[in-house]
Amino acid sequence: MSTWHEYLQGGKPVPTWPYPIRYGEERELETDVLVFGGGIAGSHAAISARKAGARVLVVEKEATKWSGNGGAGVDHWLSACTNPCSRVSPEEYTQRVLEDCGGYDCGPLRYVVARESWDALLDCEGMGLRIRDEAGEFTGAEFRDEETGLLFAYDYVNRCELRVWGHNMKPVLHAEMRRLGVEVLDRVMITSLLTEGEGESRRVTGATGLGTRTGEFYIIRAKATILATGLPGRMWNFSTEYRSTFRDPNCTGEGVSAAWRAGAEFSRLEESYPDSGTMAYISYAVGNAHNTWHGCPIVDANGKEVPWVDRDGRELGSLEERFTPAEGQRFMLGDGLRVPPSYENQTKKLAPDLPERILSGEFVLPLYADLSRMPERERRAIFGLMVGNEGRTRVPVYETLTKAGFDPDQDMLQVPIMDPSSYGHSNFWSGVGAPQWRMWGGGGVVVDWDLRTNLPGLYAAGGAIFGAGAHSSAAASGRYAGRRAAEGARGVSLPGADRAQTDREKARVYAPLKPEGRPMGWKDFNAGIGRLMQSYCGQYKSAGGLREGLRMLGELRESEAASLSAANPHELMRAVECLGMLDVGEAVMTASLERRASSDYLNFQRIDFPRMDPPEWRNLRPIKLGPSGPESRDLPFDYFLRPPYAPSLKENYAAHSGLERGEVRR
Amino acid sequence: MSETYMLPNPPGPNRAVDFDPAICNGCNSCAGICRSDVLMPNPEKGKTPIVLYPDECWYCGTCVLECRRPGAITLVHPLNQSVSVVWKRKATGEYFRLGMKRPPTPNARPPSS
């Protein structure tokens with residue numbers, strides 16, 4: 001008796017909506033710092049802004065205690081260059097990353113993260129998160145520092161990537177926010193940013209929101225706002241039924257939509273990646289040797305082990321070599337950073353010619369991940385520590401598999417049988433999709449050394465910023481943006497709310513309660529947007545296709561969007577998400593049209609401009625919505641080291657980090 | 001014999017999570033934190049929540065982590081996912097599968113935490 005169908009089959013009447021309905025009722029709130037999204041970036045931003053003395057309000061569409069892409073846990077803590085065992089400096093690390101991203105990356109974000117990722121983790125430890133092996137479970141392991149009890153991943157020599165017990169990260173952050181007196185507003189979706197002024201003087205003055213359970217309308221006035229929303233999903237790939245997405249399906253780009261409509265400047269929106277969508281397997285629950293399972297032996301049906309190789313294709317002789325740099329290699333970068341592998345940064349990997357060797361009969365399917373071939377502490381680190389703490393693995397994988405009898409000490413986990421080409425990368429759970437199925441790339445707002453956007457009053461953190469990704473990046477950039485926003489809010493008087501803006505927004509948001517013509521549910525509409533994105537903005541793009549795609553999105557906006565319908569506040573939230581997705585689609589297609597060259601780094605293929613990364617297109621090409629439509633400009637890769645900024649990472653950090661007046665209160 | 005009703009098809013993943021009414025006390029902590037509002041409070045106080053939107057579940061498992069009554073909630077992967085979780089016992093050559101009729105003895109070792 002768990003499902004709605006079973007409830008009704010029991011002879012009960014259709015239950016009424018369990019929460020009060022308050023469509024259109026207004027609630028007015030005010031704060032110093034408004035945090036748009038209470039995930040990892042938003043929680044750290046809120047805590048840091050509060051410690052800096054600001055009144056802080058977090059507005060979260062889900063429930064902050066476990067919300068966001070990083071809300072279900074974390075096992076790797078990356079970019080911890082300043083931890084006491086690290087042999088990589090933040091400067092060396094940042095330069096490596098920027099170079100390996102081909103320059104299409106955000107220097108301030110990467111450097112701030114390299115400087116503060118470890119500090120953010122220490123903050124978490126102070127809140128009660130476990131980051132050290134105090135119990136000595138891993139004593140004697142290669143990856144354990146005996147003095148500090150820290151455990152390392154990927155590169156056991158250079159030690160700037162850690163293994164942590166992060167399954168309860170969000171409850172820990174949530175408790176800290178409560179302790180510090182951060183105001184948290186759950187189940188409210190921000191629908192627009194409020195602004196005042198025009199042109200260069202336009203500033204962000206707050207936001208409007210919609211109660212996702214009650215349908216209330218929120219008008220929030222704020223001296224500073226931090227955009228901390230996750231990477232948009234459901235744009236290309238949306239299945240009306242079987243849903244299995246790697247990223248939180250509630251992240252649909254309302255942050256991008258709101259910031260775009262307000263006039264914020266974005267970069268890298270044209271980037272997208274292949275996505276297997278509903279064809280993926282349960283993350284980390286089938287045989288693989290990727291990320292959390294990095295280093296795990298893979299064997300074929302006859303027990304023959306697939307070799308691991310170094311960057312020169314040389315087969316490795318021992319398991320230890322999977323975790324140490326190749327000869328002459330300075331350091332390796334782990335998975336999850338969204339930095340493409342380069343000769344300089346790459347980790348050890350399974351033989352990349354495995355597909356051909358399967359086709360030739362050298363390795364016989366099915367393959368298996370055989371943890372039992374690893375020493376106990378390595379095995380326990382993968383299946384007990386990391387699968388026990390990574391996002392969406394503690395219950396969905398560890399608890400589910402062990403209850404069903406899986407024992408890593410004596411069992412081999414099967415790798416799904418797939419098209420042989422799928423064995424070219426050890427991330428075997430990702431499965432294979434269609435080429436037009438895409439996933440959001442590195443698109444986000446452009447920021448300066450205060451992690452502030454082009455709009456005064458609007459800061460950003462985590463996945464909202466173009467370029468970087470990962471849990472620790474969200475945490476560290478949130479920590480920094482919170483400080484800068486609190487500083488920015490100081491001395492600013494509380495702005496008013498423009499009635500014309502809020503009235504327009506109310507009309508937009510509640511339109512699905514009175515649909516025009518033939519009412520259409522949100523799923524039907526979402527799938528339609530997905531089809532347009534796949535058709536006109538798929539793997540191969542062209543001016544003709546993109547212009548037609550933009551025209552079609554405009555068509556949807558005029559016709560079917562006016563028929564979007566909602567039977568309750570939940571459906572209303574989903575319908576408003578869909579309206580925002582039209583903005584996101586337009587921004588992505590516009591950016592794709594503006595980049596008149598292909599780019600290997602951006603996974604961007606223009607049929608009409610096939611040259612990959614030609615010199616004249618090696619720049620960030622940001623776009624924004626101006627008064628008379630989209631505007632773009634050239635922005636050099638190293639914009640953050642040119643006037644008005646100082647010429648080095650260190651000098652800019654010293655001038656902007658806000659730490660020169662002493663460390664913030666713990 | 002219960003009544004036969006006119007109902008829409010059950011959604012793709014039927015269930016997402018399953019409640020054990022003998023253990024669940026209907027406190028709705030899970031409904032309180034579910035990111036997607038998959039779970040709704042039961043109109044009858046003290047009864048298990050209703051899985052209203054199984055098609056919106058992310059399978060993150062935080063409802064299970066939030067629950068204070070072990071065993072009250074079980075995460076149930078859709079069959080198009082769970083059918084691929086297969087393992088082989090090295091010593092005996094036996095094959096096991098998530099969801100099989102006669103599963104092996106559970107592995108009682110807790111995660112590192």
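Visitor: Where does A470(A) lie in chain A?

Guide: A470(A) sits in the loop between strand 19 (458–460) and helix 10 (471–489) of chain A. Helices here are DSSP runs of H or I with at least four residues, strands are runs of E with at least two, and both are numbered from the N terminus. The model is predicted, so local features need pLDDT of at least 70 and side-chain atom pairs count only at pLDDT 80 or more, while totals for chains, interfaces and linings use all residues. Residues are numbered from 1 along each chain as its sequence is written, chains are lettered from A and ligands numbered from 1 in the order written, and side-chain values use heavy atoms, with hydrogens and water left out.

Visitor: Why is A470(A) called partly exposed?

Guide: Buried means under 20% relative accessible area, exposed means over 50%, and partly exposed is in between (1.4 Å probe, protein chains only). The relative accessible area of A470(A) is 24%, so A470(A) is partly exposed.

Visitor: Which label does A16(B) get, buried or exposed?

Guide: A16(B) has 2% relative accessibility and therefore counts as buried. A16(B) also has a positive phi without being a glycine, about 65 degrees, and belongs to the segment before strand 1 (17–19) of chain B.

Visitor: What makes P20(A) partly exposed?

Guide: The relative accessibility of P20(A) is 41%, so P20(A) counts as partly exposed. P20(A) is in the loop between helix 1 (4–9) and strand 1 (26–36) of chain A.

Visitor: What is P20(A) in contact with?

Guide: Contact means heavy atoms within 4.5 Å. Setting aside neighbours within four places in sequence, P20(A) is in contact with R213(A) and T214(A). P20(A) and I417(A) are 397 residues apart in sequence, and their C-alpha atoms are 49 Å apart.

Visitor: What makes the peptide bond from L365(A) to P366(A) cis?

Guide: That bond, from L365(A) to P366(A), has omega near 0 degrees and is cis. P366(A) is in the loop between helix 7 (354–359) and strand 15 (368–369) of chain A. The bond from P643(A) to P644(A) is also cis, with omega near 10 degrees, and P644(A) is in the loop between strand 23 (629–632) and helix 15 (649–656) of chain A.

Visitor: Which residues touch the most other members of the largest nonpolar core?

Guide: A nonpolar core is a set of buried Ala, Val, Leu, Ile, Met, Phe, Trp, Tyr and Cys residues joined through side-chain atoms within 4.5 Å. The largest has 125 residues, and V33(A), W77(A), L162(A), L193(A) and I226(A) touch the most other members. Helix 14 (residues 569–594) of chain A gives the most to this core, with 11 residues. Apart from it lies another core, of 49 residues, including A369(A) and F406(A).

Visitor: How do you know that chain A agrees with a compact globule?

Guide: The globule rule is 2.2 Å times the number of residues to the power 0.38, and the radius of gyration is taken over C-alpha atoms. For 666 residues a compact globule would have a radius near 26 Å, and chain A has 24 Å, which agrees. Buried residues make up 65% of chain A. Of the contacts in chain A between residues at least 6 apart in sequence, 73% join residues at least 24 apart. Chain A holds 15 helices and 23 strands.

Visitor: How many helices and strands are there in chain B?

Guide: Chain B has three helices and six strands, in the order β-α-β-β-α-β-α-β-β from the N terminus on.

Visitor: Why is chain B called more spread out than a compact globule?

Guide: The rule gives 13 Å for 113 residues, and the radius of gyration of chain B is 17 Å, well over that, so chain B is more spread out than a compact globule. The C-alpha trace of chain B spans about 50 × 40 × 30 Å along its principal axes. Of its 113 residues, 50% count as buried. Among contacts in chain B with a separation of 6 or more, 45% come from residues 24 or more positions apart.
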